Amino acid sequence: MNQEPLEELRNKINREPYGLPSSYFDKLPQRIGERVSENASEKVLVVGSWMKWVSLAASIVLIAVLWFQPFRSPTGVGSQNFEDQLYWSLYSSDVSIDAFFYNQPFDHEIMDELIMDETASFALEEEYGYDPNWDF
Amino acid sequence: MEDHEILKIFQQDETRHYGFNLLVRKYQQKLYWLIRRMVIDHDETDDLVQEVFIKVWNNLDKFREDAKLYTWLYRIATNEALTHLQKKKKRFFLPIHDVNAELENKISANLDVSMDEDKIEARLQKALLRLPEKQRAVFQLRFYEDMPYEEMAEVTGTSVGALKASYHHAAKKVEEFLKSD
């Protein structure tokens, strides 16, 4: 390949052909130094912002965990309300069972005997009222 | 000052900024002109040169001294310029010839074509705009920087054989354009 014309041109061209602002290369290192410092402080800010959001999220998660964990929950296992709720759910289920049997087409006296204990306890509670410390 | 001396100064915490300043002063002009010939516009070149040196500052610790510092710098600068030109085309949804037309206008506006040297440079630059960007970068490294192919391979991450072929094609296209112009 004949590259003579190009090789000739290489000797004729201006190596720095375009115009530049005065003392551009004298000022450039300082401007780059400033950019480098800005860049470093931006990184610190970004890291700071990132850490802020992470700590906020961690705080929210921690509060949620503490709030909803069972032993703190008003209806959680081990709380007084839990015992009350359990008692009433058992009580109401007893009543439903009794009601069911009373509606059946067989002798209610036999039924009374069969469920005598239940009725007795029901009557006792009717008489003395609800005992939250009832041991079941 | 030699590159390894600058690197030694840079690696010490108390002289890090001084070492970096020496590096900027040593290479600013070479990198500026390399980028300027690619993007033509001074303000864009100015931004890119600063970006290049910020990348250098952030990554110089990772620089492996088995490579040459200046080829590493040229690699960053070439990549920045090529990425900038590609982004520019995508950003404005402009076809290649429109971006080239814009660059051609800038060449005419920035060069004093009444001077012979600048007239030749303007013709050459306009011819280079006909090349694909990577081929243009290869041509510039060889033609303007007189860089050996082995070092160009380090800069571009391409084999020496591929670079020789690329330069050959580029030179042929440029010559054809200059003859027809």
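A polar contact is a pair of N or O atoms within 3.5 Å. The views below come from a predicted model.

**View 1. The start of helix H3 of chain B carries a side-chain to backbone approach.** A side-chain oxygen of Asp41(B) comes to within 3.0 Å of the backbone nitrogen of Asp43(B). The helix itself covers residues 42-59, a run of 18 residues. From its first C-alpha to its last, H3(B) reaches 25 Å, close to the 26 Å expected at 1.5 Å a residue. Buried residues of H3(B) include His42(B), Leu48(B), Val52(B), Phe53(B) and Trp57(B).

View 2. Leu6(A), Tyr18(A) and Phe25(A) together supply 22% of the area that chain A buries against chain B, more than any other three residues. Between the two chains about 3,400 Å² is buried, and carbon and sulfur atoms give 61% of this area. Five residue pairs, both members at pLDDT 80 or more, are in polar contact across the interface.

**View 3. Asp46(B) and Arg31(A) form a salt bridge.** Their closest N and O atoms are 2.5 Å apart. Asp46(B) counts as buried because its relative accessibility is 9%, under the 20% limit. Arg31(A), at 31%, is partly exposed.

**View 4. Glu51(B) and Arg35(A) meet through their side chains in a salt bridge.** The N to O distance is 2.5 Å. Glu51(B) lies in helix H3 of chain B and Arg35(A) in helix H2 of chain A, so this pair also joins two chains. Glu51(B) is partly exposed, with 30% relative accessibility. Arg35(A) is likewise partly exposed, with a relative accessible area of 22%.

**View 5. Lys88(B) and Glu44(B) form a salt bridge within chain B.** The closest N and O atoms of the pair are 3.2 Å apart. Lys88(B) belongs to helix H4 (residues 69-91) and Glu44(B) to helix H3, so placed that the pair links distant parts of the chain, 44 residues apart. Both Lys88(B) and Glu44(B) are buried.

Notes
Residues numbered from 1 in each chain as written. Chains lettered and ligands numbered in written order. Predicted model: local features only at pLDDT ≥ 70, side-chain atom pairs only at ≥ 80, totals over all residues. Heavy atoms only, no water. Buried area = accessible area lost by both parts, 1.4 Å probe. Salt bridge = Lys/Arg side-chain N within 4 Å of Asp/Glu carboxyl O. Polar contact = N/O pair within 3.5 Å; in protein donor to acceptor, adjacent residues only side chain to side chain. Helix = DSSP H or I, 4+ residues; strand = E, 2+ residues; numbered from the N terminus. Expected span 1.5 Å × (residues − 1). Buried < 20%, exposed > 50% of the residue type's maximum accessible area, 1.4 Å probe, protein only.
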